[in-house]
Amino acid sequence: MIDEVKLKTLLSQFQDLRILVIGDFYLDAYWYIDKTRSTLSLETPWHTNPVVEQRYSPGAAGTVTNNLNVLGVGTVYTLGVIGEDGFGRTLQTCLQEKGCRTDFMVSAPNWVTPTYLKPIHQGYEDVQTEGPRFDIENQAPMGDRVEKAVLDALQTCIPQVDGIIIGDQMPHENLGVITNRVREELCELAVAYPDKVFFADSRARIGAFRNVIIKPNRFEAQRALVPDWNGKTVDIESAKRCAVSLAEQTQNTVFVTLGEQGILVHHNDQLSHIPGIPNPDKIDPVGAGDSVSAGIVSVLCSLGTAAAVEAAFLGNLVASITVTKIGTTGTASPEEVLEKYRSLNEHL
C-alpha cells in the first residue's frame with residue numbers, strides 16, 4: 001500500500017498544507033486537587049478541594065488541530081466561537097501556543113466558552129483519580145449576528161486552504177457552531193470548490209451532510225440511517241451496509257471507523273476494509289477519532305481524494321500511536337509514525 005520511502009515523502013509534504021478546522025472548540029481544564037491539604041469549611045459541613053495546579057488544552061475540534069500541528073501540517077486555521085470570558089481567552093491562547101492561526105475565531109459577548117472541567121484528585125503518595133467531569137456548554141443558539149460572522153469568516157478563509165475539517169461536537173441541534181445554516185453553507189461550498197477536501201465528523205448529525213466526505217464511527221453510521229436504533233453492537237457486515245447507504249446519500253467518500261477493527265472506506269463505488277493495527281499494550285481511546293481525522297485529511301490534501309485507502313491506512317497508523325498515550329489526548333509526530341511503521345514491518 002505505502003512503502004517507507006513513500007511514507008517519508010508523504011509526511012514531508014504535510015508542511016506545505018493549509019487546513020481549516022471549523023466547529024466546536026472546547027477548553028479542556030484539568031484541575032489538580034491535593035486532598036492532603038483539605039480543611040473543613042467554617043461555613044459549611046464540607047471539606048475543601050484545594051486546587052494546587054491547573055492545566056489547559058484545546059479540546060473537541062481543538063483536539064483535531066493538536067493532531068494536525070504535531071503531524072507537521074504547515075498552517076492550521078481555526079474557526080469557532082468563544083465567549084468574552086476567562087475560559088475564552090485561555091482557549092485562544094492555548095490554540096496559538098499549539099501553533100494554530102486564530103485569525104478567524106469569532107468572539108461573542110453572550111456566548112459561553114464550552115469547557116470540560118476535569119478534577120484530578122490526589123492523596124498520599126501522589127495517587128491520582130479523575131473525578132466526575134463538569135461540562136460548561138451553551139444553552140441557547142448563537143444568534144443571527146454571530147452566525148453571520150461565522151459564515152463571513154468561512155467565505156474569507158476557504159480560498160486560502162487546501163482542506164476543511166468540520167467538527168460538530170454539540171449533541172443538541174443548533175446550540176453549537178455547526179448550525180443548520182452553517183452546515184448547509186459548507187455543503188454548498190463543497191460543490192463550489194471541488195478541488196478542496198471537505199471532511200465532516202459529527203456526533204449526532206452525520207446523516208445531514210451532503211457533498212462532503214464523512215467519517216462516522218459504526219454506531220453513528222447506524223443511527224444516521226435508523227434514528228431510533230438503540231442497539232449495543234454493530235457488526236462489520238452491518239457497518240458495510242451503512243457505508244454504502246451513506247455514500248449514496250452524501251454523494252461522496254465515506255469512512256466508517258471500527259475501533260480496533262480498523263476503517264471501512266467507500267470510494268467510487270468500491271468498498272474496502274483497512275484492518276486495524278493491533279496494540280498489545282493498554283490503550284486509551286479518548287481522542288482516537290480526532291487523530292484519525294487529522295491523518296486522513298492530511299493524506300487526501302497531499303495526494304488527492306482518490307487516495308482514500310492510503311488515507312485510511314495512515315489514519316489507522318496515527319490512531320495506533322495516540323491510543324497508547326494513557327491519561328492524555330494523544331498526538332503522533334512524523335517520527336513516531338515512521339517508527340510505528342517500521343515496527344509493523346519487523347513483525348511481518
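Is Thr102 buried or exposed, going by its relative accessibility? Here are a few notes on that and on helix H9.

1. Thr102 counts as buried, at 9% relative accessibility (buried means under 20% relative accessible area, exposed over 50%, partly exposed in between, with a 1.4 Å probe and protein chains only). Thr102 sits in the loop between helix H3 (86-97) and strand E6 (106-108). Its contacts beyond four places in sequence are Thr78, Gln92, Leu95 and Gln96 (contact means heavy atoms within 4.5 Å).

2. A word on the basis: this is a predicted model, where local features need pLDDT of at least 70, side-chain atom pairs count only at pLDDT 80 or more, and totals for chains, interfaces and linings use all residues. Residues are numbered from 1 along each chain as its sequence is written, and side-chain values use heavy atoms, leaving out hydrogens and water. Helices (H or I, at least four residues) and strands (E, at least two) are DSSP runs, numbered from the N terminus.

3. Now to H9, residues 308-322: 13 of its 15 residues are buried, so the rest of the structure largely encloses this helix.

4. H9 packs against helix H10 (residues 334-346) at about 100°, with the axes 10 Å apart (lines fitted to C-alpha atoms over the stretch in contact, with angles from 0 to 180 degrees between N-to-C directions). The two helices are therefore roughly perpendicular, a label for angles of 65 to 115 degrees. On the H9 side, Phe313, Leu314, Leu317, Val318, Ser320 and Ile321 meet Glu336, Val337, Lys340, Tyr341 and Leu344 of H10.

5. Ser291, in helix H8 (residues 288-303), is buried at 0% relative accessible area. Leaving out residues up to four places away in sequence, Ser291 touches Asn67, Val318, Ala319 and Thr322.

Key
Parallel < 35°, antiparallel > 145°, perpendicular 65-115°, else oblique.
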